[in-house]
Amino acid sequence: ASNFVARAADWPSRDSLSLLEQVLAYKQADIAVKDITAVLGTIDDDMLNRVVDLIAASDAAGAFAFAGEIMSSGKDIRQFLKSLSGRLRDLLFVGVGAQPAGLGELDDSPEIRRQAAAFSPDSLLQALLVLTEAEQETKRTNQHRLLLEMTLLRLMRLPAAPTAAAAPAQQPPTAMPVASQSPAAPTLSAAAILLDDVDDTENPDTCDSILVEEIEMGAIASDS
């Protein structure tokens, strides 16, 4: 209960003592968290757990019903937004693996860890910005119920924590088609090389016939 009072006062010791005096004026002994919430108008853990689960599930219908419950219970909307900001800060703290600087600074319960796994750090950071904006807006409008409903719906539109996607099956490498290679047809230069092997003493007419024969063979191979 003492940690709850300190967190409600944002940790300055003077404010904490002032709030504690208000609680003691309400009840002298066996003070529980529900007594503190009754005096200070803060939001208890059960209600925070419910609204966080509604946001994680994107339950818009449940959000409207929850907003009506907050208004009918007489809770201060600004105090509710502040309490929800504190809860989401705890989720962000746990989500990034940060270590608390002092005793009681962080609620590191299993419930907090469960809820932290439902949001990405980036979505929690955006949610805190949305709540800060809404808390400032309470000073400029009297339509607090509408403001609360719209704020909860905006929080539901933030991206959820990414899930591990199955790795795509690796396709075997596709073999490159090998172009069929046909023996190159003898060309004129090849025929000339053949003629170099012919002895110069042979009959010139024989050389001419060899050249003509090789050229005709090349032409026939090219046509085929």
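This is a predicted model: local features need pLDDT of at least 70, side-chain atom pairs count only at pLDDT 80 or more; totals for chains, interfaces and linings use all residues.
**Salt bridges, stop by stop**

Select R78 to start: this residue is partly exposed, and its relative accessible area comes to 36%.

R78 sits in helix α6 (residues 77–95) and E135 in helix α8 (residues 121–137), so show both helices; the pair links distant parts of the chain, 57 residues apart. Is E135 buried or exposed? Its relative accessibility is 18%, and E135 counts as buried because the cut-off is under 20%.

Stay on helix α8 and select E133, then R154 in helix α9 (residues 144–156). The side chains of R154 and E133 meet in a salt bridge at 3.6 Å, N to O. Because R154 lies in helix α9 and E133 in helix α8, this pair ties together parts that are 21 residues apart in sequence. Colour the two by accessibility: R154 is partly exposed at 39%, and E133 is partly exposed at 45%.

Next, select R140 and E137. A salt bridge joins their side chains, and the N to O distance is 2.9 Å. R140 is exposed, with 58% relative accessible area, whereas E137, at 27%, counts as partly exposed.

For the last stop, select D53, E111 and R114 together. Which residues does this network hold, and what joins them? Salt bridges with shared partners connect D53, E111 and R114 into one network.

Key: Residues are numbered from 1 along each chain as its sequence is written. Side-chain values use heavy atoms; hydrogens and water are left out. Helices (H or I, at least four residues) and strands (E, at least two) are DSSP runs, numbered from the N terminus. Buried means under 20% relative accessible area, exposed over 50%, partly exposed in between (1.4 Å probe, protein chains only). A salt bridge is a side-chain nitrogen of Lys or Arg within 4 Å of a carboxyl oxygen of Asp or Glu.
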